[in-house]
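Please keep the sequence and the model in view while reading.

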Amino acid sequence: MTPVGAIVAKELRSYFVSPIVYVVGSVFLLIFGVLSYAYVVLAGSQAVRMMQLQGTAAQLNLNDLVFRPTFGSMAIVLLLALPLLTMRLFAEERKLRTFELLMTSPIGINEIVFGKFLGAYVIFLGLLGLTGLVPLVLSMYSSFDWNPILTGYLGLALLGALFVAAGVLASALTENQIVAAFLSFGLLLLVWLLGGLGAILGDTPLGNIFAYLSFFEHFDRLVRGLIDTKDLVYFLCGLVLLLFLAHRVVEAQRWK
Amino acid sequence: MIEARDMTKRYGDLTAIERVTFTVAKGEVLAFLGPNGAGKTTTMRILTCFMPATEGTALVAGFDCFEQPVEVKRRIGYLPETPPVYQELTVTEYLTFVGRIKGMGTAALRAGLDRVVERLSLGDVRHRLIANLSRGYRQRVGLAQALLHDPPVLILDEPTVGLDPKQIIEIRELIKSLAGSHTVILSTHILPEATAVCQRVVIINAGRIVAEDQPDRLSARLRRSEKLSITVKAPPADLAGRLRALPGVLAVFEPTDGGAFLLECALGRDLRDDIARFIVTNGWGLLELKTVSITLEDVFLHLTQHEAGMETGSGTTETQEPTL
């Protein structure tokens, strides 16, 4: 097993013995279930209304009526939930002084940062995978197009990667877990709000830059079923930048 | 094996260590002795590449701690001040994790694991969560972690803290058994530990090395006179005066509570024979006559307190050794 693999395995083990992953995970899954259920009920009532008006049962588009709004709302849930998953990654090591062990072992900082990112990300992907039960169950009772759902999941996976990387960076900055959680939450919310600012400024250079920097537009295109290289590049660049910054922060602390 | 040259570390305005220079030969056990906050941990953290020195260089096994940290880290086993254990893992899980991040292969890891578990008698707690272990066990798990990949250099920051007396002796024996095959630096503020385990002592105070030598030679160096302690059964009232009149005796201190007289004699002269004869021929009854040697404690207090501008010797040593 490689050093990175060892760190990932250790992080997974630590996650599963801490209550955080169970609490965050169940709330995350519960909200996903409640949201999709609410949208299904809404879609059903719309179908009934259409039958009353037109006399025929039109084919309902579950992709538009259920999955798109659910995925959109889940982005907000991720914004709140992922900082809680990532806050311990570095902060706890520093607090408990186990950081000295990592830093005096013959592994690079990039391996430590990447291992920690991967550990938290695997947990997130596992939770995301569990939400797949909702479309599976729905597919037994209705028919819909699977492709936009898969791109929607790709969007959530990429968004999650970005959020986890931001959490790694925030956790590296402090040894207080609450501060780390709030820092990544604030950072992500700020980047999100840039999109709103961009919309207000409209089609000006600054407006376009803000709109591009915010992940909202890139995520929304994927949820709508559109795979555009420029969105993938956006997520990849964001991920690399955040992990690089985390690496620099960890490195810089040696010099204090 | 280890070479520190003019190492200085500043944290902002605070200078933790200043121009620390020393070398450790292969197979030697060296103790860092000093009060809390003297710079022992800082020095060790630089040697283990946890942080770089502000100035100066550190070489371990021929590799520069700053230029080739990975090569240095490969050859070092390090026990920090607080044992770096993960509470949520069992002892075996923890040591397996440590072995893997040290880059050990499966076979080497299994052999190393069995070896350290046996040497530190962790067999009973192998499968218990570290969170449920006592302080002494955690300390031993920390030591096991440092020894796991059998590194040629060991850096141990206060290795016997939190252990009970029996365990302290076991760990000291363990460290002694490493001498010769391993190069060891350990820090301590317990003086008998330094004398018991180490071939050489570096006394560090307020960030500077104030003395460096073998434990017995350190005390000899500080001795400015030979000291004798005498207990007499029926001393005449003027015994102190009569003793002072003997050739070679520099000073006599009368006992405070009917105990022993303390004599200071010129350095290099052994007056025991003369004094014994003097007392016995006068029929005062000689009960005890012995030389008083300076302990490492005295040396330590002398050096560290002198630095702080205080009077030499603490309250207890002052009555016994007024001119240390």
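Rings of Phe, Tyr and Trp (for Trp, the six-membered ring) form a pair if their centres lie within 6.5 Å; planes under 30 degrees apart count as stacked, over 60 as edge-to-face and the rest as tilted. By this rule there are 20 aromatic pairs over all chains. In one of them, the ring centres of F278(B) and W284(B) are 5.6 Å apart and the planes stand at 80°, so the pair is edge-to-face. F278(B) and W284(B) are both buried, that is, under 20% relative accessible area with a 1.4 Å probe, protein chains only. In chain A, ring pairs join F32(A), F67(A), F71(A), F144(A), W146(A) and Y153(A) into a cluster.

The model is predicted: local features need pLDDT of at least 70, and side-chain atom pairs count only at pLDDT 80 or more, while totals for chains, interfaces and linings use all residues. Residues are numbered from 1 along each chain as its sequence is written, chains are lettered from A in the order in which they are written, and side-chain values use heavy atoms, without hydrogens and water.

Turning to the interface, chain B contributes 29 residues and chain A 23 residues to the contact (heavy atoms within 4.5 Å). The buried area between the two chains is about 2,700 Å², with 63% from carbon and sulfur atoms; this is the accessible area (1.4 Å probe) lost on putting the two parts together, summed over both.

Between chain B and chain A there are 3 salt bridges, each a side-chain nitrogen of Lys or Arg within 4 Å of a carboxyl oxygen of Asp or Glu. E100(A) and R45(B) form a salt bridge through their side chains, at 2.9 Å from N to O.

Note on methods
Buried means under 20% relative accessible area, exposed over 50%, partly exposed in between (1.4 Å probe, protein chains only).
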